[in-house]
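The exercises below are to be worked with the sequence and the three-dimensional structure at hand. Each task is followed by a solution in steps.

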Amino acid sequence: MADRNSNQQRSPTPNSITSSFLRKLHLHSPNSAQVVGILTFIISGAVLLLLTGLTVTALVLGLIFFAPLIIFTSPIWVPLGTILFVVIAGFLSVCGFGVAVVVGLSWLYRYFKGMHPPGSDRVDHARSRIYNTASHVKDYAREYGGYLQSKVKDAAPGA
């Protein structure tokens, strides 16, 4: 009889199923630092969403109340805004070009002083390529220039 009971497999009891589920759930549960991080994320997101809603509401109400004033004074604001935009854009462009010129002159100064600024190896390589190409063209012109002159003399022997 004891053999018969040992050969039969036990069916899982509801308590053992629940405990294995709880064990698996406990293995995948977040630790306290992760919980605090998630709560911080949720709270800060809610605060930012609330502030965004308040900002949009204030903007819409401000446009509703100040729209007549903006419309009546637009003949003053549009030309003034255009002039300010052009002046500020010009000033920023001049400043940007000035900075570019100063940086370029500084690079050239360091290059000619032999301090090897960044990119000087590219300039040296390009200069050597240009010099080599010019010398090849010069040699080619010498070689074939004489050839063409002799052909011209053959075509016009009296010239």
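**Exercise 1: Helix lengths**

Helix α4 has 39 residues, which at 1.5 Å a residue should span 57 Å, and its end C-alpha atoms are 56 Å apart, in agreement with that value. The expected span is 1.5 Å times one less than the number of residues. Helices (H or I, at least four residues) and strands (E, at least two) are DSSP runs, numbered from the N terminus. The model is a predicted one, in which local features need pLDDT of at least 70 and side-chain atom pairs count only at pLDDT 80 or more, while totals for chains, interfaces and linings use all residues. Residues are numbered from 1 along each chain as its sequence is written, and side-chain values use heavy atoms, with hydrogens and water left out.

*Task.* Compare the reach of helix α3 with its expected span, and locate its bend.

*Solution.* 
- Step 1: α3 covers residues 32-72, that is, 41 residues.
- Step 2: From the first C-alpha to the last, α3 reaches 59 Å, close to the 60 Å expected.
- Step 3: The bend, of about 55 degrees, is at Phe 66, with Pro 68 following within four residues. A bend is the angle between axes fitted to the seven residues ending at a residue and the seven starting there.

**Exercise 2: The whole chain**

*Task.* State how many helices and strands the protein has, and describe its burial and surface.

*Solution.* 
- Step 1: There are five helices and zero strands, giving the pattern α-α-α-α-α along the sequence.
- Step 2: Of the 159 residues, 2% count as buried. Buried means under 20% relative accessible area, exposed over 50%, and partly exposed in between (1.4 Å probe, protein chains only).
- Step 3: The accessible surface comes to about 14600 Å², and 72% of this belongs to carbon and sulfur atoms. Areas follow the Shrake-Rupley method with a 1.4 Å probe; for residues, only the protein chains shown count as cover.

**Exercise 3: Aromatic pairs and a serine**

*Task.* Identify the aromatic pairs, and determine which of these residues Ser 120 contacts.

*Solution.* 
- Step 1: Rings of Phe, Tyr and Trp (its six-membered ring) pair if their centres lie within 6.5 Å; planes under 30 degrees apart count as stacked, over 60 as edge-to-face and the rest as tilted.
- Step 2: Trp 107 and Tyr 111 are stacked, at 5.2 Å centre to centre with 5 degrees between the planes. These two residues are four apart in helix α4 (residues 74-112), so about one helical turn separates them.
- Step 3: Tyr 111 and Phe 112 are edge-to-face, at 5.4 Å centre to centre with 70 degrees between the planes. Tyr 111 is buried at 14% relative accessible area, whereas Phe 112 is exposed at 66%.
- Step 4: Trp 107, Tyr 111 and Phe 112 form one aromatic cluster.
- Step 5: Ser 120, in helix α5 (residues 120-155), is buried at 5% relative accessibility. Neighbours within four places in sequence aside, Ser 120 is in contact (heavy atoms within 4.5 Å) with Trp 107 and Tyr 111.

**Exercise 4: Positive phi**

*Task.* Examine phi at Gly 114 and at His 116.

*Solution.* 
- Step 1: Most residues other than glycine have a negative phi.
- Step 2: His 116 lies in the loop between α4 and α5 and is exposed, with a relative accessible area of 61%.
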